Amino acid sequence: MSGKTITVKLKVWRQPAKDRAGRMVDYVAKDISTEMSFLEMLDVVNEDLIRKGEDAIAFDSDCREGICGACGCVINGVPHGPDPGTTTCQLHMRRFAEGQTITIEPWRAKAFPVLKDLTVDRTSFDRIVAAGGYISAGVGGAQDANNILVPKVLSDEAMDSAACIGCGACVAACKNAAAHLFTGAKVTHLALLPQGEPEREIRAVRMVEQMEAEGFGNCSNEGECEAVCPKLIPISNIAKLVREYTRAVWKSVGAV
Ligand code: SF4
Ligand code: FES
């Protein structure tokens, strides 16, 4: 890599295991190219730690191109850091100044227990999806592409909700640790499409029930989730979730 380099001071949450106490530990990341991503900067710090025989900082990542949802930490108090619509893996060191102090912490929510350092257990999201984030479709040969017509405006809206990568930043940003934006995006995506119609009611009820069973909090319309979402999922998905849930409950008592 070429170009400008900076040295930054890090305060990183280190926690050896789920059932052990954690603390902030100071590190210096020296001569970091401003062209590096945030995770590449952590890679450099880890290489140095490993060379010294110390334990590397644990953090999650996979695609490193903003599509898998594996990465994520709270950077200077903001999930995924300072750039709107940007995952931690797509954040670049040019966003930071020479000598700046950067705090790095894991998502903090009861339903996302810390496993080690910056990694958290997000299987609660998997269980919400398993509760209703599916469709039933007949097996067999592929259908003709035009068999089920979907109006363009609805397919565009569904696609916008389907952009959720399940990173959990919305939960980390919320003072209630609510998962309504995530669950709302999943419910909205399928509620807008004819393929999602057969399980429409049961999906909304089961996913909301699972969300509550996992220990996520209630939504109080703060909007912090929308502000930090790297996929810019709008808060209107929460309104749709509430409408879908209410519709399902009313339908179950024959009110609609
Ligand atoms: S709604 Fe946004 S912040 Fe929440 S899990 Fe999906 S992509 Fe991440
Ligand atoms: S590593 Fe896949 S979204 Fe960041």
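**Entry 1: the nonpolar patch**

A residue joins a patch if its relative accessible area is over 30% and it has no salt bridge, and nonpolar side chains are linked within 5 Å. With that in hand I went through this predicted model and looked for such a patch. I found one of about 480 Å², made by Tyr-245, Val-249, Trp-250, Val-253 and Val-256.

I then picked out Val-249, which sits in helix 8, residues 236-252. Is Val-249 buried or exposed, or something in between? Its relative accessible area is 32%, so I wrote it down as partly exposed.

**Entry 2: the whole protein**

Next I stepped back for the overall picture. I counted eight helices and seven strands in the protein. Along the principal axes, the C-alpha atoms fill a box of roughly 65 × 40 × 35 Å. Of the 256 residues, 45% are buried. The accessible surface comes to about 12,900 Å², and carbon and sulfur atoms hold 52% of it.

I also looked up how far along the chain the contacts reach. Among contacts with a separation of 6 or more, 70% are between residues 24 or more positions apart.

**Entry 3: around ligand 1**

Which residues come nearest to ligand 1? I noted Cys-164, Cys-167, Gly-168, Cys-170 and Cys-229, out of 13 residues around the ligand. Helix 4 (169-173) and helix 5 (180-191) are the elements that each give two or more residues to this shell. Sorted by class, the shell has eleven nonpolar residues, two polar ones and no charged ones.

**Entry 4: Ala-172**

I stayed with helix 4 for a moment, as Ala-172 is in it. Ala-172 has a relative accessible area of 19%, so it counts as buried, the limit being under 20%. Leaving aside neighbours within four places in sequence, I found Ala-172 in contact with Pro-79 and Trp-107. I also checked Ala-172 against His-80: they are 92 residues apart in sequence, yet their C-alpha atoms are 9.8 Å apart in space.

Most residues other than glycine have a negative phi. Two residues went into my notes on this point.

Asn-76 is not a glycine, but its phi is positive, about 50 degrees. I located Asn-76 in the loop between strand 3 (74-75) and strand 4 (78-79). With 35% relative accessibility, Asn-76 is partly exposed.

Leu-232 also has a positive phi without being a glycine, and here the angle is about 55 degrees. Where is Leu-232? I found it in the loop between helix 7 (224-228) and helix 8. Leu-232 counts as exposed because its relative accessibility is 59% and the limit is over 50%.

**Entry 5: Thr-34**

My last stop was a loop residue. Thr-34 lies between strand 2 (23-33) and helix 1 (38-51).

Key: Residues numbered from 1 in each chain as written. Chains lettered and ligands numbered in written order. Predicted model: local features only at pLDDT ≥ 70, side-chain atom pairs only at ≥ 80, totals over all residues. Heavy atoms only, no water. Patch = residues over 30% accessible without salt bridge, like charges linked within 9 Å, V, L, I, M, F, W, Y side chains within 5 Å. Areas by Shrake-Rupley, 256 points an atom, 1.4 Å probe, with all protein chains shown as cover. Salt bridge = Lys/Arg side-chain N within 4 Å of Asp/Glu carboxyl O. Helix = DSSP H or I, 4+ residues; strand = E, 2+ residues; numbered from the N terminus. Buried < 20%, exposed > 50% of the residue type's maximum accessible area, 1.4 Å probe, protein only. Near = heavy atom within 4 Å. Nonpolar A, V, L, I, M, F, W, Y, C, P; charged D, E, K, R; others polar. Contact = heavy atoms within 4.5 Å.
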